[in-house]
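Please view the sequence and structure alongside the notes.

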Amino acid sequence: MSLSNGNGKNEAPLAETVKNENKAFKIFVGYDPSEDLAFEVCRHSILKRSSIPVEIIPIKQSDLRKKGLYWRERGQFESTEFSFSRFLTPCLANYQGWAMFVDCDFLYLADIKELRDLIEEKYAIMCVQHDYAPKETTKMDGAVQTVYPRKNWSSMVLYNCGHPKNRVLTPDTVNTQTGAFLHRFQWLEDDEIGSIPFVWNFLEGHNKTVENDPLTLPKAIHYTRGGPWFEAWKNCEFADLWVNEKEDYQKQLKKEFAN
């Protein structure tokens, strides 16, 4: 299946854009040992298409615990190791500039520059504001599927790490606050949350493309129910695109080993 994409709209101030043009855009990717391949394919899909310098940093719970940044016990409804550690993104970016967090179960089909160019400095965060209530009771490899307001908003977020409101996201806050406070962005007012087109967090099994409407073509597919790296989801929608990307990643890996 082939997909084409339009150009992103640049609304960031010119001076800010020029200043950051040659500075690597930090992308923090949630990492879970059970989804190592998903992480590698997500990373590969970003790097292969990016026309700007990017720094991809896995959020590994084991590393955060060693550094004393994460000590929270895992709850029964946490389907991944990064369910809460994701909110350390501004802290890990030293509360400076803009950085992105994304789940590892994404496949990027467009240049990340298009997404970065959507940034508006007035916002504390920007994300796709889904209205999503999954029908399934389980996801991935049998994890419980939960339903809550603003579900999947936190799965891909552009953080204005220097915004005063995001200073509240300290290790203490991330380790002690409720899931509702964090995943619903309750430290922010609604008008401090910017909106991104849904095609940048295109939910497999939920969002739909419209024939002859390029604005509905996914720029980043989110296999939120479970991706082809799980046996139960090997035939999900857009599975072929992920498998092709995986094969491309593995070919590149072989070339690197050969050299």
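How many of the five residues of strand β3 (residues 98–102) are buried? Five of the five are, so β3 is largely enclosed by the rest of the structure. The model is predicted. Its protein chain contains eight helices and 11 strands, and of its 259 residues 53% count as buried. Among contacts in the protein chain with a separation of 6 or more, 73% come from residues 24 or more positions apart.

**The sheet**

- An open sheet is formed by six strands in the order β2-β1-β3-β8-β5-β9, with mixed pairing.
- β2 (54–59) and β9 (193–195) are the edge strands, each of which pairs on one side only.
- From one strand to the next, the twist averages 25°.
- β1 and β3 run parallel and are joined by four bridges; here lysine 26 stands opposite alanine 99 in β3.
- The pairing of β3 with strand β8 (residues 156–160) is antiparallel and spans five bridges; valine 102 stands opposite methionine 156 in β8.
- Strand β5 (residues 125–127) runs parallel to β9, and three bridges join the two; isoleucine 125 has isoleucine 193 in β9 as its bridge partner.

**Strand β3 and methionine 100**

- Trp98, Met100 and Val102 point one way from β3, while Ala99 and Phe101 point the other way, and all are buried.
- Methionine 100 is placed in strand β3 and has a relative accessible area of 0%, so it counts as buried.
- Leaving aside neighbours within four places in sequence, methionine 100 is in contact with Phe25, Lys26, Ile27, Phe28, Thr89, Tyr108, Ile112, Leu115, Met156, Val157 and Leu158.
- Proline 90 is 10 residues from methionine 100 along the chain, and their C-alpha atoms are separated by 9.1 Å.

**Helix α2 on the sheet and against α8**

- Helix α2 (residues 36–49) lies across β1 (25–30) and β2, and runs at about 170° to β2.
- The axes of α2 and helix α8 (residues 239–258) come within 9 Å and cross at roughly 80°; the two helices are therefore roughly perpendicular to each other.
- On the α2 side, the contact involves Leu37, Ala38, Glu40, Val41, His44, Ser45, Lys48 and Arg49.
- These meet Trp242, Glu245, Lys246, Asp248, Tyr249 and Gln252 in α8.
- The residues of the contact of α2 with α8 divide into five nonpolar, three polar and six charged.

**Serine 45**

- Serine 45 is in helix α2 and counts as buried because its relative accessibility is 0%.
- The serine 45 side chain reaches the backbone oxygen of cysteine 42 at 2.7 Å.
- Beyond its neighbours within four places in sequence, serine 45 is in contact with Leu107, Tyr108 and Glu245.
- Glu245 is also among the α8 residues that meet α2.

Conventions. Residues are numbered from 1 along each chain as its sequence is written. This is a predicted model: local features need pLDDT of at least 70, side-chain atom pairs count only at pLDDT 80 or more; totals for chains, interfaces and linings use all residues. Side-chain values use heavy atoms; hydrogens and water are left out. Two strands pair if DSSP finds at least two bridges between them. Axes are lines fitted to C-alpha atoms, for helices over the stretch in contact, and angles run from 0 to 180 degrees between N-to-C directions. Contact means heavy atoms within 4.5 Å. Buried means under 20% relative accessible area, exposed over 50%, partly exposed in between (1.4 Å probe, protein chains only). A polar contact is a pair of N or O atoms within 3.5 Å; within protein, one must be able to donate a hydrogen and the other to accept it, and residues adjacent in sequence count only if both atoms are side-chain atoms. Angles under 35 degrees count as roughly parallel, over 145 as roughly antiparallel, 65 to 115 as roughly perpendicular and the rest as oblique. Ala, Val, Leu, Ile, Met, Phe, Trp, Tyr, Cys and Pro count as nonpolar, Asp, Glu, Lys and Arg as charged, and the others, Gly among them, as polar.
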